[in-house]
Amino acid sequence: MASLAVLLLILSAARASNAAAVRVGLTRVHSNPDVSATEFVRGALRRDMHRHARFARELASSGGRTVAAPTRKDLPNGGEYIMTLSIGTPPLSYPAIADTGSDLIWTQCAPCGSQCFKQAGQLYNPSSSTTFGVLPCASSVSMCAALAGPSPPPGCSCMYNQTYGTGWTAGIQSVETFTFGSTPADQTRVPGIAFGCSNASSDDWNGSAGLVGLGRGSMSLVSQLGAGMFSYCLTPFQDANSTSMLLLGPSAALNGTGVRTTPFVASPSKAPMSTYYYLNLTGISVGTTALSIPPNAFALRADGTGGLIIDSGTTITSLVDAAYQQVRAAIKSLVTLPVADGSDSTGLDLCFALTSETSTPPSMPSMTLHFDGADMVLPVENYMILGSGVWCLAMRNQTIGAMSTLGNYQQQNVHLLYDIHKETLSFAPAKCSTL
């Protein structure tokens, strides 16, 4: 399987009634077609574990402003999604990781010295744009508003230092005009977008020039556009040629048969948990068998630990250990193939050996995630992954911080709608390549 870095190309945008409607095409990038499925999974799992380990450390501490976001690993391509947009006047196009698990929008800015990472395109230069401005400390989207007080000193600017998993970035909060649209005919310019102008970053952002947050906070692109809702539909990982889709604003509406809706759980007030999209997962079934998972296994506790989030920046779903062991046992009982040690090749815990006689995996029942008021049915290709001679459960146990995550591998061919106003997630099975 080729690697899964994805390039988001803005196709069209409209702005009306303080809401933006943006249609975004997602195309897989194959800068290194030699990366196998097992190499991809091993690298993605390593990245996911770094992310959760960082979350646990920050949850245990009382200070610092930290958010969780996808970071690059030692493979040429990862499971991140890259959004291409333009900033400034004249507009300069740049690619940035799109992430539902963070809020801040940022890109590297000139002048940028030895602490900046190398990027393919030119750096955004504030002095070359006629619409650049420094964000006032008192702004509602300033990270320093609470510290600055009601009457910040004249010229007060907000410096930030954000940490993401294994990476970080630092700079000054600014405002600019963002341009959406791939051609002059469909371009729409949106002024006054708050973003981070970074002049120092770790070398963990290979293939991008920054990040676009799509989280629940006021600084995210979704909030600043007044979109109200957004949706996306991810084509199967094995499909290297089809186009997926991301929609923001009114065009993101999800209608038709088979649509299920579940409410978001209120996020804790403390960062980084405040930006996550939490769901109430009440149980899991494999086929018609409901697994014996403790009823409070996925509960979000008062101290901010536990719970389950849905995230575009995590690839492999992680389940709290009490639930994962039940899933693992159920899958193992259904598969008659010999168990293989996949820890070195994939990093996954449960794998089965394939031989020339059993090169095709056996048929398996679907897995159902029971959310509050809505069931999400996962076909076998959404929870098992085929690698080099092995067939593995594409899930892992989560013990650090005890927060479970629904990753993007399990979101294949599911159209997901995040309704910010109604505080709900709606979803329906779909052939994402046709949207």
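**View A. Cys351 and Cys392 are two buried cysteines, joined to each other by a disulfide.** Buried stands for a relative accessible area under 20%, exposed for one over 50%, and partly exposed for anything in between (1.4 Å probe, protein chains only). The structure is a predicted model, in which local features need pLDDT of at least 70 and side-chain atom pairs count only at pLDDT 80 or more, whereas totals for chains, interfaces and linings use all residues. Residues are numbered from 1 along each chain as its sequence is written, and side-chain values rest on heavy atoms, with hydrogens and water left out. A disulfide is assigned to a pair of cysteine sulfur atoms within 2.5 Å; between Cys351 and Cys392 the S to S distance is 2.0 Å. The torsion about this S-S bond is about 105°, so the link is right-handed. Cys351 belongs to strand S20 and Cys392 to strand S24 (residues 390–393), so the bond ties together parts that lie 41 residues apart in sequence. Helices (H or I, at least four residues) and strands (E, at least two) are DSSP runs, numbered from the N terminus.

**View B. A left-handed disulfide joins Cys109 and Cys197.** A disulfide is a covalent bond between the sulfur atoms of two cysteines. Here the sulfur atoms of Cys109 and Cys197 are 2.1 Å apart, and the torsion about the S-S bond is -135°. The two partners come from distant parts of the chain, 88 residues apart: Cys109 sits in the loop between strand S5 (106–108) and strand S6 (133–134), and Cys197 in strand S9. Cys109 is buried at 2% relative accessibility, and Cys197 is buried at 6%.

**View C. Cys144 and Cys158 are linked by a right-handed disulfide.** The S to S distance of Cys144 and Cys158 is 2.1 Å, and the torsion about their S-S bond is about 75°. Cys144 lies in the loop between S6 and helix H2 (145–148), and Cys158 in the loop between H2 and strand S7 (159–164), so the bond connects parts 14 residues apart in sequence. Cys144 has a relative accessible area of 15% and is buried; Cys158, with 0%, is buried. The structure has six disulfides by the rule used here. With the bonded cysteines of the protein chain numbered in sequence order, the pairing reads 1-8, 2-3, 4-6, 5-7, 9-12, 10-11.

**View D. Arg216 and Glu423 form a salt bridge.** A salt bridge is a side-chain nitrogen of Lys or Arg within 4 Å of a carboxyl oxygen of Asp or Glu; this rule gives a count of two. The closest N and O atoms of Arg216 and Glu423 are 2.3 Å apart. The partners are 207 residues apart, with Arg216 in the loop between strand S10 (210–213) and helix H3 (221–225), and Glu423 in the loop between strand S27 (414–419) and strand S28 (424–429). Glu423 is partly exposed, at 33% relative accessible area.

**View E. A salt bridge connects Asp349 with Arg328.** Their closest N and O atoms are 2.4 Å apart. Asp349 is in the loop between strand S19 (339–340) and strand S20 (351–353), and Arg328 is in helix H4 (residues 321–334), so the pair ties together parts 21 residues apart in sequence. Asp349 is partly exposed at 41% relative accessibility, whereas Arg328 is buried at 18%.

**View F. Phe178 and Phe195 belong to the aromatic pairs of the structure.** Rings of Phe, Tyr and Trp (its six-membered ring) pair if their centres lie within 6.5 Å; planes under 30 degrees apart are stacked, over 60 edge-to-face, and the rest tilted. The whole structure holds 11 aromatic pairs. The ring centres of Phe178 and Phe195 are 5.9 Å apart and the planes stand at 70°, so the pair is edge-to-face. Phe178 lies in strand S8 (residues 167–180) and Phe195 in strand S9 (residues 188–201), 17 residues apart. Both Phe178 and Phe195 are buried. A tilted pair is formed by Tyr276 and Tyr278, with 6.2 Å from centre to centre and 55° between the planes; these two tyrosines are buried. Phe230, Tyr232, Phe264, Tyr277 and Tyr418 are linked into a cluster by ring pairs.

**View G. Four strands form an open sheet in the order S16-S15-S21-S22, with antiparallel pairing.** Strand S16 (289–290) and strand S22 (374–378) are at the edges with a single partner strand each, so one side of each has no neighbour in the sheet. Strands count as paired if DSSP finds at least two bridges between them. Strand S15 (residues 281–286) pairs with S16 in the antiparallel sense over two bridges, and Val286 stands opposite Thr289 in S16.
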